[in-house]
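Please read them with the model open.

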Amino acid sequence: MKALFAKIGRGICKAFVPTVVTLTVALTTAHFSWKYSGSNEWELKKDENGVKVYTLKTPGSTLLKVKADMQVATSLTSAVFLLRGDESTSDDFGGKDFTVVERIETPQLFMACYSAKHPMPPPFRTKEMVVMLNYAQDKATKKVEINVQAAPGRTPPSPNTSRVTHLNNIFRLTPLANGLIDWEITLDVDMGLLYPLANLSMPEYLFNDLSYHKKLVLTEKYQKARLISVEEPGSPPQALTSSLQESL
Amino acid sequence: MKLLKRVCLSLGAVLIALFGAHLAWTNSGSNEWKLVSDQDGIKISALKSPGYSLMKYKVNVRFDSELPEVLFMLTDLDTGKDFGAFDIKRIEEISTPSLFYAYDTYKLTLPKPFGQVEVVLLNQCYEDTKTNQYHINIYAAPNRIPREGDIPRVVHLSNNWTLTPVTDGVDVESVSEMDLGLPYVLANLAMPEVIGSQIKAMREVMKTDRYKNAKPVLLSSSQAP
């Protein structure tokens, strides 16, 4: 019996340990090679049905940044309403337990903190996003840039969820001379997936997302939206009064 | 050959032990605040959440200063100079009677051998008119401006300040979490001391002329509370 165990032990030493060590060295080398690679420039990955998808690799970061761009014939207000989120639109985006933590909207700016849960496939925990959105429309060009930042400390931790701590997405909506809206989304988010998996899936995810937005924004809910913080192209600048509409 | 085998076995055992310890630590935690330090009127609590390797920290302290002075210190661009930041720039500032927010960038030098980090952040401040408390929220915004150079940029930073004016000063609560790129074991061990020192430095700096009777942007565009 002792001899058998000794034989098994020797077998492990001969085959298993060198394999593990070789794999560890190879994976570590691959990880660091990938991490410190990158041109820091946007590279086109897909151009289909009017949606262009780009990726950017920054040296020092394992996750890719992903950007997608398209042009849509819709009002600026409908586009902002879709991208900034709202209780009435959360069902369109698959998140659960959508909560408005705080919101301030005036003719000059919009700021809101939302939380929502996103179930993930096993073995990953449900991801909770607590994010801060803000924009202040450029009243000269009418351009709107919605900045979304992870705000993981804004509310107390929730049990059985893992909160996203690295998220900085930017949504740029630019009215064009031909009446269309240039719709650009940049995603930089760590959902806690393995980074090779995240890097492979994110470009396709964003392509599908924008293709969905293009149809969704034309539905009645978005077309009827009216926002005090957004002026449509061609409209004169509103006079600011002291009666600012706010909700907190 | 025997020596090589022993080295390989030892290395394998160490890697497995480290990986096991990492998983055990990451998945541990009560999600509740625990007091870790109470010195000179500065209470520091730590919270470990399952799924995170870094801890969150909460500070409760009373500043013997006026509310506008504390607001000024926490929102003025040049405050960073008193705390070791350099290359400080304001990227955008939106100031209204009800809300102030700004995107700022600066660099920090970490203790050797860790080098420099670049921070791009959103700093917002507003009053909750129901409670008369002021909230200052600071979040990492690494994509607000394009990257220049090779200095790593902080992607995980969240710092929420709540200021409550009281008769003899301002009660301050700060909940913070950040990843400066240090090994998490080191960061978790060092942070209570670092935070305590920062708060003490804030109390000292507010005694200087720059902060005495200072007016923050938010209050200068509306009435002082």
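1. Buried here means a relative accessible area under 20%, exposed means over 50%, and partly exposed lies in between. The model is a predicted one. With that cut-off, B:Tyr101 counts as buried because its relative accessibility is 1%. B:Tyr103 also falls under the cut-off, at 0%, and so counts as buried.

2. How are the rings of B:Tyr101 and B:Tyr103 arranged? Their centres lie 6.2 Å apart and their planes meet at 85°, so the pair is edge-to-face. The angle needed for that class is over 60 degrees.

3. Over all chains, a search of the whole structure returns seven aromatic pairs. One of them joins A:Phe98 and A:Tyr114: the ring centres are 4.9 Å apart and the planes stand at 45°, so this pair is tilted. In chain A, A:Phe98 belongs to strand 4 (residues 96-105) and A:Tyr114 to strand 5 (residues 110-118). The two residues are 16 residues apart, and the pair links distant parts of the chain.

4. Two charged side chains deserve a separate entry. A:Arg84 lies over the face of A:Phe110, at 4.0 Å from the ring centre. In chain B, the face of B:Tyr52 has B:Lys56 over it, at 4.7 Å from the ring centre.

Key. Residues numbered from 1 in each chain as written. Chains lettered and ligands numbered in written order. Predicted model: local features only at pLDDT ≥ 70, side-chain atom pairs only at ≥ 80, totals over all residues. Heavy atoms only, no water. Phe/Tyr/Trp six-rings, centres within 6.5 Å; stacked < 30°, edge-to-face > 60°. Helix = DSSP H or I, 4+ residues; strand = E, 2+ residues; numbered from the N terminus. Buried < 20%, exposed > 50% of the residue type's maximum accessible area, 1.4 Å probe, protein only. Lys NZ or Arg CZ within 6 Å of the ring centre and 35° of its normal.
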